[in-house]
Amino acid sequence: MALRVLIVDPDEDWLDKTASLFKEQLYEVEVSSNGKDAQVKLYGGKFFAVVMNYATKNHSAHQVLKFIKRAVENNPRVLVYIEEEDVGDEDDPLDKKLRKEGVDEVLIKPFEIDVLLAVLEGHQGIGDLMNSLPKRKGQKPEEEISMEDGSFTAVKITEFYSLKAVLFDVYIKLSSGRYIKFLHSGDEFSKDRVDKYKNEKGVDYLYFHVKDRKKYIKFNDHLAKKMVKSDKLDSKNKINMLKNVTEKFMEEAFQEGIKPVIVEQGKQICETVYSLIESNDDLYIHLRNYQDFDPSAFSHAYLCTLFTASIIKQFEWQSKTMIESASLACMFHDIGKLNLDPELLTMRPKDMNEAQLEEYQKHPIYGVDILQTNKSITQPVKQIILQHHEAFDGTGFPSQLKGQKILTLANIAALADQFSHIIIEQNLKPVDALKFILTQADIVAKFNPEIMEKFIQVFVHPNKIKRDRVLPGKSRMVPSKKAS
Ligand SMILES: [Fe+2]
Ligand SMILES: [Fe+2]
């Protein structure tokens with residue numbers, strides 16, 4: 001059953017064009033060119049979403065919104081788009097008013113239809129995804145296809161989870177450009193069949209289309225949220241599960257750009273990271289020995305996020321919001337590298353010439369630039385990204401800040417960053433990477449000693465740790481109003 005969408009706009013040409021683009025994405029579409037007709041349609045049938053022009057007449061957008069609140073039972077997601085001149089001033093923004101009236105998303109014209117589609121997709125929960133599936137008993141026969149490797153993304157076969165019905169097509173790679181579609185979206189999931197491929201045919205990875213990555217992230221985040229709280233799974237599995245979601249999420253962010261939907265999803269994942277850190281006392285055992293990372297930027301971002309959250313957890317003053325902002329900053333800390341010459345990304349800083357190094361050292365600034373217009377990324381998150389290469393002894397970049405001038409959370413993120421580089425580049429277990437760091441005086445000098453101390457505690461049994469109750473030194477947690 002496809003998801004139904006009602007599009008309301010006085011411009012009939014636009015309606016036609018948009019309706020056919022939505023249909024291509026497998027939505028079932030109804031259109032209305034006025035508010036009265038929209039209400040009749042809303043009364044008659046269940047919609048997943050209503051997409052409406054603010055300029056709707058003959059029952060205005062406000063009247064239709066009131067009607068939805070009062071008379072429409074299934075709570076459709078509501079997206080309204082407005083003209084730039086209707087935005088209103090800062091004290092009285094239309095956006096705020098509309099949200100009070102039940103609008104979930106406000107878009108400002110002009111926008112690409114793709115943005116509209118992406119925003120709606122962001123609102124689909126697991127239930128909506130399930131509802132839109134063509135479910136069937138058993139499985140369709142396998143088929144072989146030829147397709148570019150770049151349109152696929154891989155996941156370890158041992159770490160592939162599914163609902164009863166498969167959410168998207170799943171493939172096995174035969175050779176470069178050749179794949180077997182072995183599960184079709186809507187097929188009944190068969191663990192036995194997956195195990196057979198793994199055990200008898202030695203298949204290590206399953207593949208799916210890059211366009212289905214959002215569904216993968218959504219489902220696995222949903223699963224991870226449940227699993228991190230379960231006693232049936234050990235911490236190692238939980239860390240792994242969250243790693244898979246985060247890596248696919250980072251892949252999506254780097255390839256699709258930082259769109260509002262992506263930031264929202266990032267926040268969700270950070271919440272899950274928080275629950276993992278919060279509710280698993282045996283985590284320290286697994287953090288000591290965990291070593292299941294590829295040398296990819298995506299793995300790096302996850303490691304960094306996980307260790308930052310774990311270090312903050314050691315401080316008495318930590319809070320959920322703090323861990324979540326620092327985690328979000330860690331996920332995006334190197335996003336500024338998108339603006340660098342790709343050649344620089346393959347080089348180590350010590351092999352760069354002066355001009356290259358100067359350019360490389362701007363990536364924290366570029367990162368903040370990229371995220372600047374994104375309203376849901378707060379100032380503290382941006383400041384952590386900006387300062388993630390500053391060092392306690394003043395040898396960092398881009399501003400050579402020193403000591404207490406550096407935000408505590410940024411110095412923690414810097415430590416987690418350097419630590420995860422060492423784990424991946426030298427292929428060390430975390431506990432061995434820690435030993436290595438402690439023998440390098442120049443590395444140790446880059447971090448606030450109290451942060452180093454808490455960092456060591458990450459690997460120690462929580463009962464052996466005496467909690468401290470003060471902030472490290474006089475350091476600031478978040479930028480003061482002035483600084484922002
Ligand atoms: Fe960086
Ligand atoms: Fe980094």
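1. What radius of gyration would a compact globule with 484 residues have, and what does the protein have? For a compact globule of 484 residues the value would be near 23 Å, and the protein has 25 Å, which agrees. This is a predicted model, and the points below should be read with that in mind.

2. On overall dimensions, the C-alpha atoms of the protein fill a box of roughly 70 × 65 × 50 Å when the box is taken along the principal axes. Within the protein there are 21 helices and 10 strands, and buried residues make up 36% of the 484 residues.

3. On contacts, if one considers those in the protein with a separation of 6 or more, 73% of them are accounted for by residues 24 or more positions apart.

4. On domains, the assignment for the protein gives domain 1 as 4–123, domain 2 as 143–211 and domain 3 as 229–464. The C-alpha centres of domain 1 and domain 3 lie 39 Å apart.

5. On confidence, the mean pLDDT of the protein is 85, and 94% of its residues reach 70 or more. Confidence is highest in strand S3 (residues 49–53), at a mean of 95, and lowest in helix H11 (residues 283–289), at a mean of 74. Over residues 479–484, however, the pLDDT is below 50, and beyond near neighbours in sequence this stretch has six contacts in the model. Where pLDDT is low, the predicted coordinates should not be read in detail.

Note on methods:
Residues numbered from 1 in each chain as written. Chains lettered and ligands numbered in written order. Predicted model: local features only at pLDDT ≥ 70, side-chain atom pairs only at ≥ 80, totals over all residues. Helix = DSSP H or I, 4+ residues; strand = E, 2+ residues; numbered from the N terminus. Rg over C-alpha atoms; globule rule 2.2 N^0.38 Å. Buried ≥ 20, exposed ≤ 12 C-beta atoms within 10 Å, placed from the backbone. Contact = placed C-beta atoms within 7 Å. Domains from an automatic or database assignment. pLDDT = per-residue confidence, 0-100.
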